[in-house]
Amino acid sequence: MACIQSGREGVFMRVTMIGTGYVGLVSGACFADFGHEVVCVDKDPSKIERLNRGEIPIFEPGLEQLVADNVKAGRLSFAVDGAEAIRNAEVVYIAVGTPTRRGDGHADLSYVYAAAEEIAGLIEGFTVVVTKSTVPVGTGDEVDAIIRRTNPDAQFAVVSNPEFLREGAAIEDFKRPDRVVIGVEHDRAREVMAELYRPLSLNEFPVV
C-alpha cells in the first residue's frame with residue numbers, strides 16, 4: 001500500500017515515473033523538488049547508469065543541478081526494474097515515448113499499453129495511473145481496460161495530465177505554468193492530484 005507522509009508544509013507522496021525521456025525526467029525532478037519521493041524508471045540500463053552517475057542525457061538549463069540536489073536529499077532515484085517502485089507508489093506516471101508510426105503517421109501507443117500492463121500486475125492498494133505521454137483521445141479508456149483485464153481486483157483510477165513544456169524552459173514551465181490541466185473523473189483521484197500539485201495551488205497557479 002502506498003504511503004502518504006506528512007511534513008514539509010503538506011502531504012507528500014510516493015511517485016513512480018515510467019520513462020526518463022524529456023518529459024519524464026523533467027517532471028520527475030520537479031515533483032521531487034516539490035518534496036515528493038520520486039523513482040524514475042527506464043528499461044535502458046545504460047541510461048539509468050548515466051543518471052545514477054549524475055549524467056543528464058538531455059540538455060535543459062538547470063536540470064543537472066535540480067537532479068543532483070534531489071538525489072542528494074533522497075527524494076529522487078532511478079531504477080531499471082520498477083516493480084518495487086510501482087508497488088509502493090500512490091501515483092504512477094506513464095511518460096514513455098509515442099513515436100509516429102511509419103506509413104500512417106499515427107502515434108505508436110505500444111509502449112504506453114505495455115506500461116499499463118506492467119503497472120496492472122504490480123499495483124497494491126488504490127493507485128492513480130496518469131498518462132503524461134502525448135496520446136490521442138481514447139487512450140485513457142484503453143489504459144483503463146488493459147489494467148482491468150490484467151488485474152480485475154485492482155483499485156485504481158486513470159487520469160490524464162498532458163505536458164506543456166518548452167525545451168530550454170521546461171523547469172520554469174513546470175514550476176510556473178500558465179495552467180495545469182488534469183482530466184479526472186474519480187473523486188479520490190482528484191484529491192490525490194490536488195495534493196500532488198499543491199505547491200502550485202498555494203502559489204495561485206491555476207490547476208484546471
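The model is predicted: local features need pLDDT of at least 70 and side-chain atom pairs pLDDT 80 or more, while totals for chains, interfaces and linings use all residues. Residues are numbered from 1 along each chain as its sequence is written, and side-chain values use heavy atoms, without hydrogens and water.

**Helix 1 and helix 3.** I noted an angle of about 50 degrees, with the axes 9 Å apart (lines fitted to C-alpha atoms over the stretch in contact; angles run from 0 to 180 degrees between N-to-C directions). I list L25, V26, A29, C30, A32 and D33 of helix 1 against L63, L66, V67 and N70 of helix 3 (contact: heavy atoms within 4.5 Å).

**Helix 5 and helix 6.** I found that the axes of helix 5 (residues 110-120) and helix 6 (residues 139-150) come within 8 Å and cross at roughly 35 degrees. V112, Y113, A116, E117 and A120 of helix 5 meet T139, E142, V143, I146, I147 and T150 of helix 6.

**Helix 8.** I recorded A189, V192, M193 and L196 as buried (under 20% relative accessible area; exposed is over 50%, partly exposed in between, with a 1.4 Å probe and protein chains only). D187 and E191, on the other side, are exposed. The buried residues pack against elements including strand 3 (14-18), helix 1 (22-33) and helix 9 (198-202).

Notes. Helices (H or I, at least four residues) and strands (E, at least two) are DSSP runs, numbered from the N terminus.
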